[in-house]
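Reader: I want each label in this model backed by a number and a cut-off. Shall we go through them one by one?

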Amino acid sequence: MKVGDKEYRAVHWNLLSGGVCWIEQRMLPFRFEQVTSKNPEDVALAIETMQIRGAPSIGAAAALGLALAWSVDRRRFSDFWLPRFRSTRPTAVNLFHACDEMEVCSKTEPDAATMIECAVNYADAEVDANRRMGGHMAELLAVGERRILTHCNAGWLAAVDWGTATSGIYQLAQAGESPFVWVDETRPRLQGSRLTAWELYQAGIDCRIQADSAAAWMMAKGEVDAIVVGADRIASNGDVANKVGTYALSLAAKEHGVPMYVVAPSSTFDIACDSGLDIPIETRCDEELLSMSGVGSDGQLCQLSIATSGVRCNNPAFDVTPYANLTAIVSEQGIWNRGEPEK
């Protein structure tokens with residue numbers, strides 16, 4: 001995808017420096033910044049601190065970080081670096097698929113170039129899957145003006161390139177259609193207002209940021225034609241873990257007859273997980289609810305307190321939407337049918 005006139009990926013292998021390069025998502029939309037590191041611990045920390053976020057981007061970053069670990073610290077690859085990357089985020093299953101794939105590659109005792117190639121191929125496969133699933137999603141959305149609501153950021157920043165939920169929106173726009181997007185702000189980290197709106201604006205796609213709590217009312221008014229979201233993990237029965245607030249959207253969508261689609265690559269399916277009850281839900285720190293980042297009058301990034309200091313918080317990062325609440329789950333293979341796990 002493009003920022004200005006230049007194409008970027010959310011995370012990639014930097015051929016010039018020989019390290020992992022990523023877009024620092026915490027700085028957006030205030031500042032566009034890329035970081036390159038030759039230290040695998042930096043990559044692991046970038047995942048933990050949400051410099052890199054979004055299930056497919058997390059998986060790609062883990063694969064590239066492990067390739068880097070093999071290059072600089074091969075002796076500790078199995079005992080330290082694999083567990084280190086697996087522990088960075090608990091909910092997004094793409095992370096574990098990527099670690100498993102790199103572990104399998106390491107069993108062949110490859111040279112560093114082969115491990116890097118394996119990681120790059122993993123990231124490329126995610127991008128290809130995103131493009132293909134976007135094509136399927138674009139076919140499901142009727143041509144012409146479409147009023148689409150999305151939650152969190154399931155765009156190219158979250159998915160290396162193209163995005164998952166937004167891939168179909170981009171493809172509609174490139175085909176000459178005029179999709180319109182309601183962008184939920186997505187508290188507490190505001191991935192919708194900070195990231196999705198920024199992405200859509202860069203692509204020239206008409207959108208409006210709205211408070212999360214406005215979504216149900218817009219459905220009631222008949223202002224939403226479809227809801228399209230991504231996923232961090234999909235259980236074998238079709239239950240979906242996604243950014244907290246997705247479950248509430250599904251309830252409102254059911255009430256008002258609005259179709260709701262989940263768009264995610266095969267790497268997001270967890271066939272070992274029987275239902276949403278088995279999906280680990282990450283609980284994040286209180287500070288995310290007690291403060292908010294922004295740009296001050298001096299143009300510098302700053303952190304503002306927005307609640308009473310010392311009050312305890314409840315901050316689940318994800319919730320689980322039952323399969324029965326969804327219209328369809330779409331992957332690169334097309335519409336997924338329960339009982340037919342992704343291969």
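Reader: What makes both faces of strand E12 count as covered?

Author: Look at which side chains sit on each face. Met260 and Val262 lie on one side, Tyr261 and Val263 on the other, and all are buried. Buried means under 20% relative accessible area; exposed means over 50%, and partly exposed is in between (1.4 Å probe, protein chains only). E12 itself covers residues 260–263. Strands (E, at least two residues) and helices (H or I, at least four) are DSSP runs, numbered from the N terminus.

Reader: What are the ground rules here?

Author: This is a predicted model, where local features need pLDDT of at least 70 and side-chain atom pairs need 80 or more, while totals for chains, interfaces and linings use all residues. Residues are numbered from 1 along each chain as its sequence is written, and side-chain values use heavy atoms, with hydrogens and water left out.

Reader: How do you know that E9 and E12 pair?

Author: Count bridges. Two strands pair if DSSP finds at least two bridges between them. E9 and E12 have three and run parallel, so they pass. Val228 has Tyr261 in E12 as its bridge partner. E12 also pairs with strand E17 (residues 328–331), again parallel and over three bridges. There, Tyr261 stands opposite Ala328.

Reader: How do E14 and E15 run, and how many bridges join them?

Author: They run antiparallel, with five bridges. Val295 stands opposite Leu301 in E15. The hairpin has five residues between the strands, and Gly299 takes a positive phi near 85°.

Reader: How do you know that the length of helix H4 agrees with what it should span?

Author: The expected span is 1.5 Å times one less than the number of residues. H4 has 14 residues (93–106), so it should span 20 Å; its end C-alpha atoms are 20 Å apart, which agrees. Its buried residues include Leu95, Cys99 and Met102. The buried residues of H4 pack against helices H2, H3 and H5 and strands E10 and E13.

Reader: Why is Pro316 called partly exposed?

Author: Its relative accessibility is 25%, so Pro316 falls in the partly exposed class. Pro316 is found in the loop between E15 and E16. Leaving aside neighbours within four places in sequence, its contacts (heavy atoms within 4.5 Å) are Val244, Ile281, Glu282 and Thr283.

Reader: What makes Arg89 and Glu282 a salt bridge?

Author: A salt bridge needs a side-chain nitrogen of Lys or Arg within 4 Å of a carboxyl oxygen of Asp or Glu. Here the N to O distance is 2.8 Å, so the pair qualifies. Arg89 is in the loop between H3 and H4, and Glu282 in the loop between E13 and helix H10, so the pair ties together parts 193 residues apart in sequence. Arg89 has 4% relative accessibility, so it counts as buried. Glu282 is buried too, at 9%.

Reader: Where do Asp225 and Arg147 lie?

Author: First, their side chains meet in a salt bridge at 2.9 Å, N to O. Asp225 lies in the loop between helix H8 and strand E9, and Arg147 in strand E6, so this pair ties together parts 78 residues apart in sequence. At 27% relative accessibility, Arg147 is partly exposed.

Reader: Which residues do salt bridges that share partners join into one network?

Author: Arg89, Arg189, Glu282, Arg284 and Glu288. The whole structure has 18 salt bridges. Another one of them joins Arg31 and Glu33 at 3.3 Å, N to O.

Reader: Why is Arg31 put in its accessibility class?

Author: Its value is 38%, so Arg31 is partly exposed. Glu33, at 29%, is partly exposed as well.
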